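Here are my comments on the model you sent. Please read them with the structure open.

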Amino acid sequence: MRRLIVCALVVGAAVIAPTGAGADDPSSLQYCTPAGGPLGAITDAEHTVVLGDQPLPRGVTRTRETVDGVSTPVMQAGPADAHGAVVFVHGNPGSSRDFDQLVGATGKFTRVVAFDMPGFGHADKGFDGTYTTQSTVQFIGDMVAHLGITRVHLALHDFGGIWALEWARANPGSLGSVVLMDTGVLTGYLGHPFAYIWNVPAIGEENMATTTRQTFESTLNAQNPRPLPQAFLDRMYDDYDRQTRCAVLSYYRDLGNSGESRWEAQTAVFSKLDLPALVIWGADDPYIPSSQAENQKNAFPQAEIHVLPDTGHWPFVDEPGTTRNLVTSFLRRVVARRP
C-alpha cells in the first residue's frame, strides 16, 4: 500500500517541507545525471510527447531569449516598447503556455510577457543541480531587465509566487501590483504532504521515476473538483521529462524549511507598500487551502479576494472565463493608475 501511495503522488504545489537526511546518497543522485541509471531509464523509456507545440493565441508572439546562460521561450503581446508590463510567472509543473488566454486578453490593452522558468516547459534543462530560489530570483530580474521592463505588474501561480514575490521583495520600487492565483505570501502554511516525498533523497527520485502519463493524469483528475481538459494534461506531461522532474526535486530541496522566515520578510515589505492586489483561489484547491486567500491581506491590505466554488488549483483552467474577466478588469484599472 505504501508503494502505491508513493507512486500516486505525482504533483504537489508550491509547498514547504523539511529537508531529508542522506542528501549525498549516491543512489538518490544517480537519477538526476545525464545517464540516469536504472530509474532514469524507466522515465526516459516511458516519456513521450503526444501533443507537441500548439499554435499561439491571436496577437501573441514568441521568441527565444537567453538570460543567465538559459535559453527560454518568451511570449509577448501588446506594445513591445512599453517599459511597464504584466509579467506572468508559472509554477510546477507548468510553463508559460498555462497563460495563453490570459496573455492574449491582457495584451489587448497593455504589454504582457510570459516565459518558461529554468527547468520547465521548453526552457533549457540539465542536471547541474543549480535550480534554487535564488537562481530564479536572479533569472526573473535579469529577464525583466533584458526585456527593457522597469515597472512590473506580477501575475503569479503556484511556485511562481514563491519565486517572483522573493524577487519583488528585493525590488519593491519596480513593483506596481500583483495578481495571485492559488499562491502568495503563505504565512502559517505548513505545506502539503506530497512535498515531503520530493524532499527525501531516493524516495523522491523513485516517485519521479514511477510517474507515468496515466498516473499523472489520473492523480490530477482525482484531486480536482472536475476533470481537467485533456489537452492541458497532455501539454503538462509532454514537458514533464526527466530533466524537469529533477529540477522539481532541486527546487523543493533548496526551499527546505526556510519558508516561514521568508514570508514574514515579504509581509513586512509588501504591507508597507500597500499595493493593489487581486487574489483568485480555487475553493477546492487540494494543495494550498483556500483559507490562504484571505491571509493575503496581511501582506496586501488592499487585496480583492475571490474564492471560486467548484474550482481547484488551476482557476484559469477550471473557470477560464471568470478568471480572465477578473484579471483583465483588475489590470485595466491598475495599469492605468500605475503606468
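1. The mean pLDDT of the protein chain is 90. Of its residues, 90% reach 70 or more. Residues 1-23 are another matter: there the pLDDT is below 50. In the model, this stretch still has 79 contacts beyond near neighbours in sequence. Where pLDDT is low, the predicted coordinates should not be read in detail.

2. Searching the whole structure turns up one disulfide. Its partners are Cys32 and Cys246, with sulfur atoms 2.1 Å apart. What does this bond tie together? Cys32 sits in the loop between helix 2 (26-29) and helix 3 (37-46), and Cys246 sits in helix 11 (residues 242-255), so the bond links parts that are 214 residues apart in sequence.

3. The torsion about the S-S bond of Cys32 and Cys246 is about -95°, so this disulfide is left-handed.

4. Are the two cysteines buried or exposed? Cys32 has 18% relative accessibility and counts as buried, because the cut-off is under 20%. Cys246 is buried too, with a relative accessible area of 6%.

5. Helix 3 has Gly37, Gly40 and Thr43 as its buried residues. Viewed down the axis of helix 3, these fall within an arc of 90°, so they line one face. In general, an α-helix has 3.6 residues a turn, so residues three or four places apart point the same way.

6. Which elements do the buried residues of helix 3 pack against? They pack against helix 8 (203-209) and helix 11. Pro38 and Ala45, on the other side of helix 3, are exposed.

Notes
Residues numbered from 1 in each chain as written. Predicted model: local features only at pLDDT ≥ 70, side-chain atom pairs only at ≥ 80, totals over all residues. Heavy atoms only, no water. pLDDT = per-residue confidence, 0-100. Contact = heavy atoms within 4.5 Å. Disulfide = S-S within 2.5 Å. Helix = DSSP H or I, 4+ residues; strand = E, 2+ residues; numbered from the N terminus. Buried < 20%, exposed > 50% of the residue type's maximum accessible area, 1.4 Å probe, protein only. Arc of directions from axis to C-beta.
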